[in-house]
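Here is a short briefing on one protein model. Keep the sequence and the 3D view open as you read.

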Amino acid sequence: MTLARRLLRLCPHLGVPPLPPPTPTRLLPSRTYISDMRRSAFIDRLLRSVRSEISFLNNSTPPPPPPTPAPFTVEDRPGEQWARLRRAFPAADGEEEEVRVDATLVDGVLPPTRSGVDTGGPPRLHITVKVEVSKAARPGVVLNFECSAWPDEMEVQKVFPVRRGGPAPVQQYVGRQFSELDEEMQSAVQDYLEQRGVNDDLAAFLHAYMENKEHTELIRWMKNVEYHIKK
């Protein structure tokens, strides 16, 4: 037996190589921490974008609010997509009428055409208008007019009475389209609305007013988004 084997037999621990020293433990960032960092970076980026847009809108020149056509008064409805105009009108029979005009923001657009041919001009923006004429002496019945306000024209679509105070019909008959009525009746209805201030001039006012309102409402909406992001 060689000397090496005898030593290994007598001292077996001599044949085992020494263990390497332990490696220092590296602490890796937790997934929650990384997720929070990413979320914070996303929120910061979104806030910067919103604030940049608010600053741009504040520095841009908003369309000037047009003067309200007398004798209408305007209820602006902040935060909503519509506004209301009211006026009193002394009817021929001596009864005072209330004329109420509800108008939306711009809700449609048509290309500028004439006889089906594109004229290359600005698009025709559309505003939905609902006119209601009521009498204090007869509060149970109102006359409704559904209209389209174009930048230079007030166009009547429907005319129909509505009864108030009782059960509403499931599906009320509202008559024919205005364009299908007799031409003499169309002219009489247009004269009726013209006397009460619902005309082409009012359509032009509504477009100018709603352009200003759109700018104001967009800034308000942006600030509300910013407020909820910061919370």
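Buried means under 20% relative accessible area, exposed means over 50%, and partly exposed lies in between (1.4 Å probe, protein chains only). Phenylalanine 205 is buried, because its relative accessible area is 7%. This is a predicted model: local features need pLDDT of at least 70, side-chain atom pairs count only at pLDDT 80 or more, and totals for chains, interfaces and linings use all residues. Residues are numbered from 1 along each chain as its sequence is written, and side-chain values use heavy atoms, with hydrogens and water left out.

**Helix α4**

- Helices (H or I, at least four residues) and strands (E, at least two) are DSSP runs, numbered from the N terminus.
- Helix α4 covers residues 200-230, which makes 31 residues.
- The expected span of a helix is 1.5 Å times one less than its number of residues.
- For α4 that gives 45 Å, and the end C-alpha atoms are 45 Å apart, so the two values agree.
- Asparagine 199 caps the N-terminal end of α4. One of its side-chain oxygens lies 3.2 Å from the backbone nitrogen of aspartate 201.
- That is a polar contact (a pair of N or O atoms within 3.5 Å; within protein, one must be able to donate a hydrogen and the other to accept it, and residues adjacent in sequence count only if both atoms are side-chain atoms).

**Aromatic rings**

- Rings of Phe, Tyr and Trp (its six-membered ring) pair if their centres lie within 6.5 Å; planes under 30 degrees apart count as stacked, over 60 as edge-to-face and the rest as tilted.
- This rule gives two aromatic pairs. One of them is phenylalanine 205 with tyrosine 209, a tilted pair with 5.7 Å between centres and 35° between planes.
- These two residues are four apart in helix α4, so about one helical turn separates them.
- Tyrosine 209 is buried too, with a relative accessible area of 13%.
- A charge sits over a ring if NZ of Lys or CZ of Arg is within 6 Å of the ring centre and within 35 degrees of the ring normal.
- Arginine 196 lies over the face of tyrosine 192, 3.6 Å from the ring centre. The charged end of arginine 87 sits over the ring of phenylalanine 72, at 5.8 Å from its centre.

**Strands**

- Two strands pair if DSSP finds at least two bridges between them.
- Strands β7 (residues 124-135) and β8 (residues 138-150) run antiparallel and are joined by nine bridges. A hairpin of two residues connects β7 to β8.
- Valine 129 stands opposite cysteine 147 in β8.
- Ten bridges join β8 to β9 (residues 153-163), again antiparallel. Here, too, a hairpin makes the link through two residues.
- Glutamate 146 has lysine 158 in β9 as its bridge partner.

**Salt bridges**

- A salt bridge is a side-chain nitrogen of Lys or Arg within 4 Å of a carboxyl oxygen of Asp or Glu. The structure holds 13 of them.
- Arginine 51 and glutamate 226 meet in one of these (2.8 Å, N to O). The pair links distant parts of the chain: arginine 51 is in helix α2 (residues 31-59), glutamate 226 is in helix α4, and they are 175 residues apart.
- Arginine 51 is partly exposed at 39% relative accessible area, whereas glutamate 226 is buried at 15%.
- Arginine 86 and glutamate 75 form another (2.6 Å, N to O). Arginine 86 lies in strand β2 (residues 82-90) and glutamate 75 in strand β1 (residues 73-75), so the pair ties together parts eleven residues apart in sequence.
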